[in-house]
Amino acid sequence: MSFSSKLPASWNDRPPPRKVEIDLSSPGLAVLELEKLLFTGKAIISHADEVWPRLYIGDQCSAQNRNDLARHGITHILNAAHSKRHRCPDFYQEMMIIYLGIEANDSCNFDMSVNFQAAADFIHTALSRGGQVLVHCHVGVSRSATLVLAYLMLKQRLTLVEAICAVKENRGVIPNRGFLRQLICLDKQLFGTRK
């Protein structure tokens, strides 16, 4: 499968991406190939990075920095590391930020796929209304990245490889192997088996 840019027009002034070929028909091999692709991405140099117009992936620090949230005009936060012990929604109420918390473990055995549609709907609704969305977890590389990749696949109709190529140009991410397998399954559901 090859990648050609599906980035929004405003992001297309960048040089054309290199052609990427990954066979997703064998999940075991595909995970290794996707990891190699992910390792070629940008290094993490900030707490949050815009990976799609008005859509950011970040870490816990970015989600708790009121000045940065205001500077970026964040209107919606999706926390992929929500915990009932913390009072996250209260923290954002006075800032008029709409919050969605998803309790997820960064474990290969955790089924993140049950959250794909709800997360994609939340992000899509926010962006459709002109919002700015921060999706975060603790470090901002696995859980949050997985949900953003699922959003790009479900709502922007990017294949998994296209979504990874779009995100990795702006932030270094590396979903765990279990999450990558779940994203491969989503790719097959949406686009069928391709070589």
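This is a predicted model: local features need pLDDT of at least 70, side-chain atom pairs count only at pLDDT 80 or more; totals for chains, interfaces and linings use all residues.
Read from the N terminus, its elements follow the order α-β-β-α-α-β-α-β-α-β-α-α-α. Of the 195 residues in the chain, 51% are buried. Among contacts with a separation of 6 or more, 72% link residues 24 or more positions apart.

On the inside, the largest nonpolar core takes in 52 residues, with L34 and L55 having the most contacts within it. At least two residues of this core come from each of helix 1 (27–39), strand 1 (48–52), strand 2 (55–58), helix 5, strand 5 (133–136), helix 6, helix 7 (160–168) and helix 8 (177–191). Helix 6 gives the largest share, nine residues. Once neighbours within four places in sequence are set aside, L34 touches I22, L24, L160, V161, I164, L180 and I184. A separate core of 10 residues lies apart from this one and includes A48, L69, I97 and Y99.

Helix 6 also turns up in a helix pair. Helix 5 (residues 116–128) packs against helix 6 (residues 143–154) with the axes 9 Å apart and an angle of about 70°, which means that the two are roughly perpendicular. On the helix 5 side, the contact involves F116, Q117, A119, A120, I123, H124 and L127, and these meet T146, L147, A150, Y151 and L154 of helix 6. Sorted by class, this contact has nine nonpolar and three polar residues, and no charged ones.

Note on methods
Residues are numbered from 1 along each chain as its sequence is written. Side-chain values use heavy atoms; hydrogens and water are left out. Axes are lines fitted to C-alpha atoms, for helices over the stretch in contact, and angles run from 0 to 180 degrees between N-to-C directions. Helices (H or I, at least four residues) and strands (E, at least two) are DSSP runs, numbered from the N terminus. Angles under 35 degrees count as roughly parallel, over 145 as roughly antiparallel, 65 to 115 as roughly perpendicular and the rest as oblique. Contact means heavy atoms within 4.5 Å. Ala, Val, Leu, Ile, Met, Phe, Trp, Tyr, Cys and Pro count as nonpolar, Asp, Glu, Lys and Arg as charged, and the others, Gly among them, as polar. A nonpolar core is a set of buried Ala, Val, Leu, Ile, Met, Phe, Trp, Tyr and Cys residues joined through side-chain atoms within 4.5 Å. Buried means under 20% relative accessible area, exposed over 50%, partly exposed in between (1.4 Å probe, protein chains only).
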